[in-house]
Amino acid sequence: MKLLIASDIHGAADWCRKLMDAIEAQKPDRIVLLGDLLYHGPRNDIPSDYAPKQVIPLLNSLADRAVAVRGNCDAEVDQMVLDFPCMSDYALIEDPSGRQLLLTHGHVFGPGYHNSVDRLPGLPQGSAVVYGHTHIKVNEQCADHPSLWAFNPGSVGIPKDGTHSYGLYENGVFSHMVLE
């Protein structure tokens with residue numbers, strides 16, 4: 001199972017197109033979208049390539065392979081234009097080895113890194129918390145939850161750590177990929 005994991009596009013059309021190129025090159029089985037897809041939000045600067053109406057058809061082309069959760073900048077109007085469910089606070093995926101992956105944005109559930117909340121549902125030992133929200137890449141054992149792994153792919157549209165990025169999960173391993 002190969003997952004491509006993206007978060008915090010925030011309506012950045014040029015960066016979303018680069019993400020689409022990465023999806024084509026990586027050929028993942030599923031695409032995980034961790035929220036904040038179309039709107040930049042009141043706390044963020046508007047991306048220079050802000051064009052959510054251009055992002056909509058790009059994301060809709062992924063509808064048959066997308067698993068998406070709601071970010072703090074997503075609203076019902078986003079669901080009205082997107083062809084895949086995106087309003088749940090979390091989703092669970094089990095990999096072929098039985099490992100649970102909790103997919104969430106990071107504002108309702110999260111591992112407590114940076115400005116994500118420290119609130120998690122009960123998860124089996126060895127599970128992973130896969131979240132966005134902070135726009136900062138993370139790939140490590142959770143400090144406050146040592147039986148869990150934390151992975152944040154960073155941000156496609158508005159990175160706070162200097163590089164536009166996404167993540168991969170393949171054969172039980174998470175990795176970061178930088179968009180050029």
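When I say that elements pack or are in contact, I mean heavy atoms within 4.5 Å. Helices (H or I, at least four residues) and strands (E, at least two) are DSSP runs, numbered from the N terminus. The model is predicted, so local features need pLDDT of at least 70 and side-chain atom pairs count only at pLDDT 80 or more, while totals for chains, interfaces and linings use all residues. Residues are numbered from 1 along each chain as its sequence is written, and side-chain values use heavy atoms, with hydrogens and water left out.

Start with helix H1, residues 13-26. H1 has 14 residues and spans 20 Å from its first C-alpha to its last, close to the 20 Å expected at 1.5 Å a residue. That expected span is 1.5 Å times one less than the number of residues.

Which residues of H1 are buried? They are Ala13, Trp15, Cys16, Leu19, Met20, Ala22, Ile23 and Gln26. They sit on the same side of H1 because they cover an arc of only 165° around the axis, taken from the directions from the helix axis to the C-beta atoms. For burial, the cut-offs are under 20% relative accessible area for buried, over 50% for exposed, and partly exposed in between, with a 1.4 Å probe and protein chains only.

What do the buried residues of H1 pack against? Their partners are strands E1 (2-6), E2 (30-33), E11 (165-170) and E12 (173-178), together with helix H2 (52-60). On the face turned away from the buried side, H1 carries the exposed residues Asp21, Glu24 and Ala25. Just after H1, lysine 27 has a positive phi of about 55°.

Now the salt bridges. A salt bridge here is a side-chain nitrogen of Lys or Arg within 4 Å of a carboxyl oxygen of Asp or Glu. Searching the whole structure gives three.

Arginine 17 is partly exposed at 33% relative accessibility, and aspartate 14 is partly exposed at 39%.

Another joins aspartate 89 and arginine 70, at 2.4 Å, N to O. This pair links distant parts of the chain, 19 residues apart: aspartate 89 is in the loop between helix H3 (76-81) and strand E4 (90-94), and arginine 70 is in the loop between strand E3 (66-68) and H3.

Lysine 137 bridges to aspartate 161, with the closest N and O atoms 2.8 Å apart. These two also link distant parts of the chain, 24 residues apart.
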